[in-house]
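Here are some friendly notes to read alongside the structure. Keep the 3D view open and look up each residue as you meet it.

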There are 2 protein chains.
Amino acid sequence: MNKGKERQIPPSVVRRLTRYLAILQELRSRRTPWVSSSELADWLGLTSSTVRQDLTHVNFRGISRKGYDVEGLAATLAKTLGADTTWSVAVVGAGNLGRALALHEEFARRGFHIKGVFDSDPAKIGRRIGSFRVMDALTLPRFVHEKKIDIGIIAVPSQAAQQVADLLIAGRIRGLLNLTQTHIIAPKKVPIVATRIVSSLQELAHLIKRRHSL
Amino acid sequence: MNKGKERQIPPSVVRRLTRYLAILQELRSRRTPWVSSSELADWLGLTSSTVRQDLTHVNFRGISRKGYDVEGLAATLAKTLGADTTWSVAVVGAGNLGRALALHEEFARRGFHIKGVFDSDPAKIGRRIGSFRVMDALTLPRFVHEKKIDIGIIAVPSQAAQQVADLLIAGRIRGLLNLTQTHIIAPKKVPIVATRIVSSLQELAHLIKRRHSL
DNA sequence: TAGATTGTTAATCGATTAACAATC
DNA sequence: TAGATTGTTAATCGATTAACAATC
């Protein structure tokens, strides 16, 4: 039943697989039939060795002298990443960021379907955001459970992050995307991925400073 | 003039330094005077070895039996990361995401001051977003140059990303934060940091799938 | 003083790159 | 066929962890 030995892909590799997939989807829409490891590498600022090494984690073989079949590799990567199925998502936080996420059509195009938007601020509960009506965060556990929500996106102020995570976890959420600065604690069963915009800006500020002091 | 040998901090370390700083600022506001490497490690899911190793890159010593002075370490980290100065920022893209960023007060609190919001869609140019009036993206080179903008945040649709980056670069931008899925090419002089929300969701989807197929 | 925690060196682990035979 | 590109093994590089003497 299990396809092979391609289990347990390291996080750094998974991250790059998402990048390959984005490019392959682009190439597919341009009807480019083949792509080589060195082309992929050049576009992403990697070495072709890294690309080929990465692709050993995935059940798809290239062809000498031609490279990889764009269509087939895209399909295989999508499957590996779970991008071939649809995921139900709850957005928590109806501030500017939550609003933007709820209205962002790209998520649905990529298979991440937002099913509800939540907040704990009474002033925000009941408001409309696109086709959504903001719901009380306290109803999250039931909502997540009943609607079989897979993923919770946390876009609340930092102080509320853990609280909101606990509500999602109580509803048996399967994974969390943490957009706050705070570190969230969850049972090992519940994977968390974090993207911190402020941290990224600080990282960038550091790089700029460094350039200048060379 | 140069403080010591603490040049060229690896990216993985820089990323963690931003996390330490966030915690230290929190502790400072709670008037906690000291913190140990193992406390920091526990909060972030690291080992105390990693924390101490990371802090060797920074010009600050702890004290045996007490740990690190919160106030002093926070100041040193802020300086290393450039979080002690203010940065001028241009947001490009006046869609939902750009709007959210422009209205997000936290950036200013962290020293990243948004000076203008841009778009190339005529329907968006001239609109108000908070206290901003959306400007034509074609005016970016002059604006960046004249207002001495340090950082450009790219929040446009993927197809427009490189174009917009080129305009920022033409104005001699010092660094870019890329919020699109696309890989942006820039001269080595211009550091780029990317945060891809869709990639993060895909990474999460993969982790969820993996848990379930154990 | 006794003991907790640092800074640092050495050991381990993992990820990236190089190299090249296999192959289309 | 000749030559470009793969898959894979080995070498290198870098990052994390372990260990422990120094020290407050």
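1. First, some housekeeping. This is a predicted model, in which local features need pLDDT of at least 70 and side-chain atom pairs count only at pLDDT 80 or more, while totals for chains, interfaces and linings use all residues. Residues are numbered from 1 along each chain as its sequence is written, chains are lettered from A and ligands numbered from 1 in the order in which they are written, and side-chain values use heavy atoms, leaving out hydrogens and water.

2. Look at helix 3 of chain A, residues 48-55, where A:Val51, A:Asp54 and A:Leu55 are buried (under 20% relative accessible area, 1.4 Å probe, protein chains only). Helices here are DSSP runs of H or I with at least four residues, numbered from the N terminus. Seen down the axis of helix 3 of chain A, the buried residues fall within an arc of 95 degrees, so they line one face of the helix; the arc is taken over directions from the helix axis to the C-beta atoms. An α-helix has 3.6 residues a turn, so residues three or four places apart point the same way.

3. Now turn to DNA strand C, which 23 residues surround (a heavy atom within 4 Å counts as near). Among the closest are A:Ser49 and B:Arg65. Helix 3 of chain A gives the largest share of this surface, four residues.

Conventions: Buried < 20%, exposed > 50% of the residue type's maximum accessible area, 1.4 Å probe, protein only. Helix = DSSP H or I, 4+ residues; strand = E, 2+ residues; numbered from the N terminus.
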